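Q: I would like to learn how to read the main features of a model such as this one. Could we go through them one at a time?

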Amino acid sequence: MGKLWCGLYSRPASAIGISLVLIFVLVALLGSFIAPYSSNEQIAADARQPPSPQHWFGTDNLGRDVFSRVILGAWDILSLAGLGTLLAVFIGTAIGLVSTYRSGWLDEITMRTFDSFLAIPALLLALMLLGTLGSSRNSVLIVIVIVYTPIVARVVRSAVLSVKSRGFVEAAQLRGESQTFILVREILPSVLPALAVEAALRFSYAIFLVASLGFLGLGVQPPSPDWGLMIKEARVNVTQTPWALYFPAGAIALVVVGVNLAADGLKRHWQSPE
Amino acid sequence: MQKYNRQPGVLVAIWIIFILLLQACSQPATQPAQVQTSPGTGSTVISTESAVHPSPGRSGTLRVAMQPIVQTDPAQISSDSEVLVASHVYDYLVDVDPTSKIVPRLAKSWQISTDGLTYTFGLAEGVVFHDGSPFTAKDVVWTFNRLRDPASGFPTVDLYSNIESIAASGDLQVTFKLKQPNPFFLYDLSDNHALILKEGTTDPTKFNGTGPFIVSNYSPEDRIELKPNENYWIKDEPRLAGLQVIFFNDDTAMVAALRGGQVDLVMRLATPLFEGLKSDNNISLFSIPSNKFDVVRLRADRAPGNDPRVIQALKLATDRDVLFKLIQQGYGAVGRDSPIGPMYSAYYSDQTPIPARDVTAAKNLLVEAGYSNGLNLTLYTPDTENRPDLAVALKDQWAAAGINVDVKVEPESVYYGDNGWLEVNLGITGWGSRPYPQFYLDVMLVCDAKWNESHFCDPEFDKLAKTAGTTLDEDERIKDYQEIQRILIERGPIIVPYFSATNAAINHQFTDFHLNPFPGRTDLRTVSFSNG
């Protein structure tokens, strides 16, 4: 683990990425201690103020502190995207492993079904699902899982295919090991690097998806300090309170860039000849 | 661990770039443009280049940014853009000016019998339709018979159900006979749909009107182009050499197009967008009071709204001044829980005081009503204009009184779809500006009103509303409306936090622009262009 850590930090790009992700995770965890105001506290007298020592990121059209809302929104978006990604990776990996290892008709059916899901653009699929499920935090979670599980399964499948016929797997089969043992102890570790990179990428896309759905008004409901929703609310006021739009937008950009740089760092680390 | 040293530098650099970017965005406006709070009175300057235009004396093409039009049959139009286009292709019999006064249009004069049942109109002479045929009283008879034909299913059937008969006497005189006296009949005749068509028109979507402009090109979903009617019956009008309505679906895009010079006029601007244009010296801004309002209403026919104490608690927990300042930014007027706003200067009354915000009193009332642990409500709102903002602001105000609100923002089509808005307990609904207030009472507050969203049913109120709507005695009506406002403040299950203003922004080269509270009824016949 230490080797991985230093390996990542030896590259400036991935160092920036990891730092950004760490900062945002800390902000998400400690948000309620950092934020000077609560997320829907409206100070009418301070409405539409530009950034100042009192309101670092200014205030929005209802007199809410944008800094507090961005800070408190970090937990919402990161936890939703994180949990969604974890579930998608877990389910996708399980399906990918079993289906590919067993092959045959089960594999055919699963993968063709997933292919048909992949044929639909992610956002369109999300909109269709939310139309059926109704908009709420749980629906967004389900949507992330449904949208990303097939992609993860696909990636795991290609990784499994490349190791399935390798000698150590065949050796385990000859030893008479159980299927679960072979999948978890022999195959899984060798697909882990690819999986970690994929998970990090999915996480950044999930953040984007949550923000997009919030922006379209289909995700969480106001007055939640969701970054996408904040951008939607601030958009019509952009000429008056541009700060209420740029700070949440900047936060989304920074966290997505951070996660991507970190994912790229992971990939390069495992691909390096050492 | 030495490699960590690189890091703070990078982060600081990111922050500096970020802050610089922000400062560039938050530069305060240096030279705010003058906001004209009444219709402009700029002088007409005819461009010296007018010789290149098709008609001397007419110059400039006004490009208006508005939502796409769908309906082109005047009997079916409803949106601002549909009404704007139709009211420049056709003419009304009588029109409403920006101060809600009835003004002549195709009808030059009228007499009303003393019993209020017979209206006789004298019509303008020398009027021709775009196809060259002359306009006569028969066209008026045909148009209104079409609008009131119960088989047509038009939205005007109800409005004109009080008409007994319509008859032409000669070419230039027409007489309407009513079943019951209707003090607002002239306003009803100026209804958006009451544009005069040619008698026997088979396809009313063909734009054959008597109006100041002739449609020269209509590309659905893109734009509609109109040229001036050279034979228009009012000399010197229109003063423009062309009118275009360019279709936009997004208000922000309209404003961007106005700033960029791709369009010249944007109406019905949301306040933040309007405020943002103040720094632009090439744009003249107009803001006029209207009677457009958002109503927050609680269903009064079932729990919790059937307890008058709950209604009182909601009213006491609301700070209307703060809502007006936050949501409307001071444009328009503070509301007094009644749809009769200050725009109706004759009818509006501030006799009954509105109790000031009193969170403790509200809490006590809720405890008395049995909600000692707080009252939980879901507040439904359409996602249009600043209604979600109002919902969020109310959530914060009411929370102080122990009223916990879950905001549910729905697309407009969902909110109004299947009459869901009439079902929910607590909702926010937007009501447009009308030239007279009786409409709101009749369709939204009397017991059997079609859209009685609050399910309000009060015999005293109903009696007053009925008298006010039928009496020919103006003093009596003023008295009734005052009583109605008192009842609504005291026990109406509605909160009207504010009335909005109608805002418009126009390229400063265009003058004599008179904005109407209903933007679609803005009369562009007198707008002129100067190249200065």
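Q: How many residues does the contact take from chain A and from chain B?

A: This is a predicted model, and in it the contact takes 28 residues from chain A and 28 residues from chain B. On the side of chain A that touches chain B, helices H2 and H10 each supply at least two residues, with the largest share, four residues, coming from H2(A). By residue class, that side of chain A divides into 15 nonpolar, 12 polar and one charged.

Q: How should I read a nonpolar core, and which residues have the most contacts inside the largest one?

A: The general idea is a set of buried nonpolar residues joined through C-beta atoms within 7 Å. Here the largest such core has 75 residues, and those with the most contacts inside it are Ile77(A), Ala81(A), Ile144(A), Ala200(A), Ile207(A) and Val210(A). Two or more residues each are given to this core by H2, H3, H6, H8, H9 and H10 of chain A, and the largest share, 16 residues, is that of H8(A). Apart from this core lies another, of 73 residues, which includes Ile214(B), Leu240(B), Val266(B) and Leu277(B).

Q: Which residues does Ala200(A) touch, not counting residues up to four places away in sequence?

A: With those sequence neighbours set aside, Ala200(A) touches Val259(A), Ala262(A), Ala263(A) and Leu266(A).

Q: Is H9(A) mostly covered or mostly uncovered?

A: H9(A) is mostly covered, since eight of its nine residues are buried. Those buried residues are Trp227(A), Gly228(A), Leu229(A), Met230(A), Ile231(A), Lys232(A), Glu233(A) and Ala234(A), and what covers them includes H3, H8 and H10 of chain A.

Q: How many helices and strands does chain B have, and what percentage of its residues is buried?

A: Chain B has 15 helices and 21 strands, and buried residues make up 45% of its 532 residues. Where contacts in chain B between residues at least 6 apart in sequence are considered, 70% of them join residues at least 24 apart.

Conventions: Residues numbered from 1 in each chain as written. Chains lettered and ligands numbered in written order. Predicted model: local features only at pLDDT ≥ 70, side-chain atom pairs only at ≥ 80, totals over all residues. Buried ≥ 20, exposed ≤ 12 C-beta atoms within 10 Å, placed from the backbone. Contact = placed C-beta atoms within 7 Å. Nonpolar A, V, L, I, M, F, W, Y, C, P; charged D, E, K, R; others polar.
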